[in-house]
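Biologist: Could you take me through this model and tell me what stands behind the words you use for it?
Modeller: Gladly, let's look at it together.

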Amino acid sequence: MSHEEGATPVPLLQRLSTRLTLLLLAVVAVLAGATAVLLWRGLDALLLTPDGTGAVLADVDPEAVGAVVRGTLINLAVVVAVTVIAATAFSRALLAEPIAQLTDATRALAAGDRAVRLPARDASELGQLAASFNAMADALTEAQQGLESRVAARTAELRALLELSNTIAVTTELQPLLVAVLDRLDEAGATAAAEVWELGPDGGWSRLVARGDGFAGVPPRPGEDEPAPVAGDLLTLPLRVRDRTVGLLRARARAGAAWDEERLHWATGVAAQAAVAIENVRLYERARDEATEEARRHLARELHDSVSQAIYAIVLTTHAAQRRAERDPNRAREALDTVVELAEAALAEMRALIFELRPEALVDVGLVGALHRQLDGLELRHGLATERDLPDEPDLPFASKQVLLRVVQEALHNVVKHARANRVQVRGWTEDGRLHLQVRDDGVGFDPNAAFPGHLGHTSMRERLAALGGQLRLASAPGEGTTVALDVSLAAGAGPGAGVASGAATPTAGGAA
């Protein structure tokens, strides 16, 4: 509808143009009438004699003529002034004041005052303009209130989706996650029933959670004719992750409710969270299964590379000792000493593997706390005096902390078994982006270039550190104790080959069992 068609007709007498024309005509009429009356009265005073007869203009006294003319002009000026004042007041009330009020109200509205309104006037153009302004202000106020209401609703929806997303991020159980999804879907109380289906690897559907009833049949397979998102009171939304369908959400509205655009938008957001929940839980289960399988392979590899070979060597050495027991008792005793050493090495490897499978101390108190516990155990079980100077907990992956703890454990085990020490000192510090650990004892020491007890575990210790890009160094001499020093990079992603000690393998303190 055009502006002319929608405008209310203004009565003729209410129009501003009519009023202004009448005002001008009235002013002209008043001035003309006043001029005529004043002129008539002046002429009457000049031309009529006291007896009522006419007089000749030449016989009139000039002073009297001047007085009459002055009086007439003064009266005419007074009439003109009164007329101008009256016309100005009328025009001010008719135009200036309404326009000024409209200007002030417009500025106030632009400044944010939604309560400003203009007083009701007559049916003139200015009156209609005031009514239109009031209608516009009412519409703006209503629109602002509606916008604020929608913003509040969207904010509540986003907050609910954020809470749901946080729940999905920290929960690995699928059932409570999907129950939370259905709770969010029914926040408006307009859902009579809802269910979530999962699409299996074989393309079949399995229902994960349902609330209420009213659904018939199994959803169609992907690739078949997919139902429309809204069919009457039934809502059907596929659950997709990276363009891949992982499930389906179906919901039925309560009687009298409908899936309007706003509710459909909300349900779509909830369905997206349901898809993320299903995908996250399945990825977690897959990662857990792969981690379990990798742990099994790692354990089998470790048992084969260390414990099983040590046990096999024990068996062979024991057979050799049995054969030599009668012919050469001294050689037999040497063989039995080797058996004891091999058994101790196998036991140490088994302890390390058990700790790797159950690293509660490392999980609970970290690497530094676990080292303190190791030293506390040395004091209690073996009566060794310990000194410790350890840094704050290093920022290292858990697997790296496991390796470092195992290496230090092995060095402390060698102190107990071979060093015959009274005191052991463990220090740690960080320097140039690397973590340094040092184990020093005051035991009998040994010659690192000669054969020494417990050398069988050295290769394993060195390889474990090398996998972290670390180094293992040893300093010892007979009667001067032993120092084992190791360091690894604190940089993320440190891998094999970074900073590995070159040259031949160096032995550990007292021998690394």
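Modeller: In helix H5, Leu174, Leu177, Leu178, Val181, Leu182 and Leu185 are buried. Keep in mind that this is a predicted model, where local features need pLDDT of at least 70, side-chain atom pairs count only at pLDDT 80 or more, and totals for chains, interfaces and linings use all residues. Residues are numbered from 1 along each chain as its sequence is written, and side-chain values use heavy atoms, with hydrogens and water left out.

Biologist: What makes the buried residues of H5 line one face of the helix?
Modeller: Seen down the axis of H5, they fall within an arc of 140 degrees, so they line one face. The arc is taken from the directions from the helix axis to the C-beta atoms.

Biologist: Why is Thr191 called buried?
Modeller: Buried means under 20% relative accessible area, exposed over 50%, and partly exposed in between (1.4 Å probe, protein chains only). Thr191 has 5%, so Thr191 counts as buried. Thr191 is found in strand E1 (residues 191-199). Leaving aside residues up to four places away in sequence, Thr191 touches Leu185, Asp186, Ala251, Arg252, Arg254, Trp259 and Arg263; contact means heavy atoms within 4.5 Å.

Biologist: Which residues touch the most other members of the largest nonpolar core?
Modeller: Leu404, Leu412 and Leu486, out of 34 residues. Such a core is a set of buried Ala, Val, Leu, Ile, Met, Phe, Trp, Tyr and Cys residues joined through side-chain atoms within 4.5 Å. Helix H9 gives the largest share of this core, nine residues. A second, separate core of 32 residues includes Leu185, Val246, Trp259 and Ala267.

Biologist: What makes E6 and E9 the edges of the open sheet?
Modeller: The order of its five strands is E6-E7-E8-E10-E9, with mixed pairing. Strand E6 (385-389) and strand E9 (471-476) each have a single partner strand, so one side of each is left without a neighbour in the sheet.

Biologist: How do you know that E9 pairs with E10?
Modeller: Two strands pair if DSSP finds at least two bridges between them. Six bridges join E9 to E10 (residues 482-489), and the two run antiparallel. In E10, Thr482 is the bridge partner of Ser476.

Methods:
Helices (H or I, at least four residues) and strands (E, at least two) are DSSP runs, numbered from the N terminus.
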